[in-house]
Amino acid sequence: MLTPRDRMWAFIRKARKVTCQQLQEGVGSPHLNLETIQDYLLVLCRSGYLKQLNKQGHDARVRFDEVHFELVKDSIEAPRINKEGGKVTQGVVTLAMWRAMKAIKEFDYRDIQRAASLGDVLQVSAQTAKSYVVLLARAGYFKTVRAAKPGIPARYRMVRDTGHHAPAITRRKCVFDRNTGAFTWQQSEQEVCDGLQ
Amino acid sequence: MTKKMATASGGGVIAPTSNIGLVHTLMEQLTGRAAGLPGIGAFYGRSGLGKSFGASYASHPAGFNGIYVSCRSFETKKSFAEQICKSIGITAKGNIPLIVDAIVEVLSITNRPLIVDEVDYIVESRTLELIRDIHDASGAAILLIGEEHLPAKLKRHERFDNRVLTWQPAAVCSSGDFDLLAKQYAGDIQVSADLKKRVLAETNGITRRVVVNLENIKRWCDRKGVKEAPANCDVDLYTGRAPGRAGL
């Protein structure tokens, strides 16, 4: 499944030259608002992926005018850049853990924590690794090799590698897999109720 | 993400264990090689040394961001190409030349290295040639990971052999590695120096066995209610050896 950013980028790559309005039409439904589109085009421009061909007026009004943007630097994946021009870091930890699971194949959460941490650059906490591993286990991505014992965590083997996107734990506490576009685990009504005071 | 983040090339990353350090150096050599040099590296060693952790390190999204594929015994050229597509996130359409063209395009645009684990499975089949084709067409850095006999097996393919820039054997678990592992797997337990020496000797430095023994030591300490594991504690050390004719 594609995120709004992916859909915009796919159309830009195909068309090579777009205006805000053309891009809005190009991405189709679900509808994206012009401001989102304008923000993404401008930030791509600032980081050198696009070139603004006819500059007129203020940046914030680009969406109303016939301003063309041309693709000058290609990329396979949609560049994940925020408004300030920095890289979007959301999801890196999850992706690192997902890739580590595929490479190590048989693991417990401490192995994943160790493999997904990168020295002083990225520290994955034991709690993060544990909850991700436990939820993916419930969602059926692993086979249990050894059940948990007091003091010794459960050991799993990866059995369902659905693709390159890491399954996400959403705010509503369910596991969503972008590769297949499906919820792979959801809390039952009783579990939600148990969480209420 | 099309660019490697500054972390991989910028240095300053503390290598957690020696094998991670070796993979880091190897990947830097491959990705930063001079023009005209081949870009294939081989990382090999006995099972359990932590090669897969090396593979995981090389494919870390905030590090070298490699494309990870793991070979299976029944791999064909097509299934291997499809695996790479899946790992990149593109759909494999059409026949092998079309798929390989798509892969080469991605590799050349993104500069992402390709990490191929369990190469032993395909080293005797013609699937190996596909790796060479991808390497020659895209110029991507490729890391091959396999068991200890990998160099001998690769050397039989002459055209492949001279494309390998670096042969890197995996290291056995050192005393420093042991301390790092102990911190991760038995954080609150103090392991005495003699016991550490005994574990390293009995396991021949195979990292996976060291981890199993650390767990055994932790359980022993929990049972006794102590925080220190003395040299003479009666923990059964896991050595991985098959049992002999004990007691007969």
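Analyst: In this model, 38 residues of chain A are in contact with 40 residues of chain B, where contact means heavy atoms within 4.5 Å. The model is a predicted one, in which local features need pLDDT of at least 70 and side-chain atom pairs count only at pLDDT 80 or more, while totals for chains, interfaces and linings use all residues. Residues are numbered from 1 along each chain as its sequence is written, chains are lettered from A and ligands numbered from 1 in the order in which they are written, and side-chain values use heavy atoms, with hydrogens and water left out.

Together, chain A and chain B bury about 3400 Å², of which 58% lies on carbon and sulfur atoms; buried area is the accessible area (1.4 Å probe) that two parts lose on being put together, summed over both. Of the area that chain A buries against chain B, 21% is supplied by A:R99, A:R114 and A:L118, which is more than any other three residues supply.

Charged pairs also cross this interface, for there are six salt bridges between chain A and chain B, a salt bridge being a side-chain nitrogen of Lys or Arg within 4 Å of a carboxyl oxygen of Asp or Glu. A salt bridge joins the side chains of A:K105 and B:D117, with 3.5 Å from N to O.

On the side of chain A that touches chain B, helix 4 (92-104) and helix 5 (109-116) of chain A each supply at least two residues; helices (H or I, at least four residues) and strands (E, at least two) are DSSP runs, numbered from the N terminus. Helix 4 of chain A gives the largest share of that side, eight residues. By residue type, the side of chain A that touches chain B divides into 14 nonpolar, seven polar and 17 charged residues, with Ala, Val, Leu, Ile, Met, Phe, Trp, Tyr, Cys and Pro counted as nonpolar, Asp, Glu, Lys and Arg as charged, and the others, Gly among them, as polar.

For orientation within the chain, chain A is divided into domain 1 (4-71) and domain 2 (90-195), with bounds that come from an automatic or database domain assignment.
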